[in-house]
Amino acid sequence: MIAAISPAPRTATPDPGRIRFPNPNPNPNPNPNRHSIRFSKLGLPLWKPKLNWLSYERVQPMQMAWVRSMSGGCFKSTEPPPKQGIKVEEDSGGQDVYDADAMNSRVSPEHLVIMVNGLIGSAADWRYAAEQFVKKLPDKVIVHRSECNYLKLTFDGVDLMGERLAQEVLAVVKRRPEVQKISFVAHSLGGLVARYAIGRLYEHSSKLDPLVLYGNSSTEKHTNSSLQYFEQPCEDRIAGLEPMNFITFATPHLGSRGHKQLPLLCGLPFLEKRASQTAHLVAGRSGKHLFLTDNDDGKPPLLLRMVDDSDDLKFISALRAFKRRVAYANANYDHMVGWRTSSIRRQNELPKSNLLVIDEKYPHVVYVERETTNKIQNKAFFVAGAQTSDVEEVMIQGLTQVPWERVDVS
């Protein structure tokens with residue numbers, strides 16, 4: 001039901017070796033009461049006070065500005081306010097974008113699209129894309145741009161952000177009793193947050209209560225639809241709705257710890273090791289989760305746990321419930337998210353480097369791979385019984401229990 005919207009190119013960034021935080025003291029003569037240190041040996045100077053000259057409150061915005069310059073802005077828009085006919089309705093959890101004429105008609109859109117931002121992002125990152133969805137499918141979709149995880153809240157960790165997103169989705173569904181289907185479109189870290197949230201929202205029941213699905217709607221259409229669903233056999237649901245599309249853009253599904261999974265580090269082992277040890281200083285618990293260094297209550301890293309079902313969170317069952325799963329990946333020019341981790345592939349599974357345009361309509365799309373259930377079963381048979389201690393391989397095997405469509409962008 002949803003047309004594939006290819007991600008816009010990332011905003012051009014300076015050469016990684018030349019990125020600097022702004023100097024809070026423009027005086028060319030250094031202050032004797034402070035000294036410059038190198039952060040993580042990445043060539044990123046921070047000004048550390050000797051006599052409390054510069055407080056943490058002043059250093060943190062510099063760190064955030066650098067992270068935003070590298071990870072945010074992919075979907076930012078300088079477009080004017082919504083065009084005529086498109087309405088934006090704000091609430092405490094985010095913004096609903098929809099066609100005003102469609103909402104006023106007798107038949108309201110039934111497909112809810114949840115858009116999730118990445119690190120240091122906000123609902124504004126998805127404004128242009130949301131308007132395009134509604135413009136193309138005015139009588140079919142309501143787009144909700146999530147804002148429960150924005151700016152510094154994206155440092156709180158994938159699990160806490162996922163819990164907040166799940167609660168926000170439930171609130172939207174309660175407020176929109178007419179919707180019957182749900183899709184997720186997520187960028188960067190938001191893809192991991194969405195994967196966690198759907199694990200929390202997953203439902204498998206043999207008895208679907210019409211009142212839960214459609215609230216107290218009294219229209220004849222909703223009554224008939226409710227009875228139809230009530231009579232059907234058990235089905236998987238996400239927040240009580242039929243799951244349709246789960247789409248991620250440049251999401252580090254395998255984390256950022258592996259070789260060249262954070263291209264900014266140029267694949268240098270000592271930099272990758274140092275980044276793994278210090279990521280939490282920049283991105284908090286989210287940094288720990290991305291580099292798989294978290295060890296909450298002695299449990300395995302969160303991303304490792306998210307490739308299978310647990311007692312209370314059905315991560316893979318939730319992914320499998322969607323009709324379509326798509327991973328958009330940047331084959332090059334992405335300094336923050338590597339090609340392997342965003343496309344959920346092994347190194348030898350990546351397409352050849354001489355990528356060519358395959359679609360005149362979307363010239364930046366250079367390779368599309370569609371997995372089938374049979375292909376997944378053959379892969380499972382091939383690796384059956386194979387034991388590995390490599391966490392990246394474990395995550396690949398876990399996530400590819402379900403077929404993915406991979407779209408490589410240059």
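What share of the 410 residues of the chain count as buried? Of the 410 residues, 51% count as buried, where buried means under 20% relative accessible area, exposed over 50% and partly exposed in between, with a 1.4 Å probe and protein chains only. This is a predicted model, in which local features need pLDDT of at least 70, side-chain atom pairs count only at pLDDT 80 or more, and totals for chains, interfaces and linings use all residues. Residues are numbered from 1 along each chain as its sequence is written, and side-chain values use heavy atoms, with hydrogens and water left out.

**Overall make-up**

- The chain has 13 helices and 13 strands; helices (H or I, at least four residues) and strands (E, at least two) are DSSP runs, numbered from the N terminus.
- Among contacts between residues at least 6 apart in sequence, 75% join residues at least 24 apart, contact meaning heavy atoms within 4.5 Å.

**Strands S7, S10 and S11**

- S7 and S10 pair in the parallel sense over six bridges, and Val 185 stands opposite Ile 247 in S10.
- S10 also pairs with S11 in the parallel sense, over five bridges, and here Phe 249 stands opposite Tyr 328 in S11.
- Two strands count as paired if DSSP finds at least two bridges between them.
- Strand S10 (residues 242-249) is largely enclosed by the rest of the structure, because eight of its eight residues are buried.

**Aromatic pairs**

- There are six aromatic pairs in the structure; rings of Phe, Tyr and Trp (its six-membered ring) pair if their centres lie within 6.5 Å, and planes under 30 degrees apart count as stacked, over 60 as edge-to-face and the rest as tilted.
- One of them is Phe 184 with Phe 322, with ring centres 6.2 Å apart and planes at 80°, so this pair is edge-to-face.
- Phe 184 lies in strand S7 (residues 181-187) and Phe 322 in the loop between helix H10 (315-321) and strand S11 (324-330), so that the pair links distant parts of the chain, 138 residues apart.
- Phe 184 and Phe 322 are both buried.
- The rings of Tyr 196 and Phe 315 have centres 5.6 Å apart and planes at 50°, so this pair is tilted.
- Because Tyr 196 is in helix H5 (residues 189-201) and Phe 315 in helix H10, the pair ties together parts that are 119 residues apart in sequence.
- Tyr 196 is buried at a relative accessible area of 7%, and Phe 315 is buried at 4%.
- Trp 126, Phe 249 and Tyr 328 make up one aromatic cluster.

- Buried residues of H4 include Val 158, Met 161, Leu 165, Val 169 and Val 173.
- Helix H8 (residues 269-290) has 22 residues, but its end C-alpha atoms are only 17 Å apart, short of the 32 Å that a straight helix would reach.
- H8 bends by about 145° at Ala 283, the bend being the angle between axes fitted to the seven residues ending there and the seven starting there.
- Ala 283 is itself among the buried residues of H8, as are Leu 271, Glu 272 and His 289.
- Just after H8, Leu 292 takes a positive phi of about 55°.

**Asp 408**

- Asp 408 is in strand S13 (residues 405-409) and is buried, with a relative accessible area of 0%.
- The Asp 408 side chain makes a polar contact of 2.8 Å with the side chain of Trp 339 and another of 2.9 Å with that of Arg 345.
- A polar contact is a pair of N or O atoms within 3.5 Å; within protein, one must be able to donate a hydrogen and the other to accept it, and residues adjacent in sequence count only if both atoms are side-chain atoms.
- Leaving aside neighbours within four places in sequence, Asp 408 is in contact with residues including Ala 329, Ser 343, Pro 351 and His 364.

**Tyr 98**

- Tyr 98 is in strand S4 (residues 94-99) and is buried, with a relative accessible area of 4%.
- The side chains of Tyr 98 and Glu 89 make a polar contact of 3.0 Å.
- Tyr 98 and Ile 86 are twelve residues apart along the chain, with their C-alpha atoms separated by 5.8 Å.

How values were computed:
Expected span 1.5 Å × (residues − 1).
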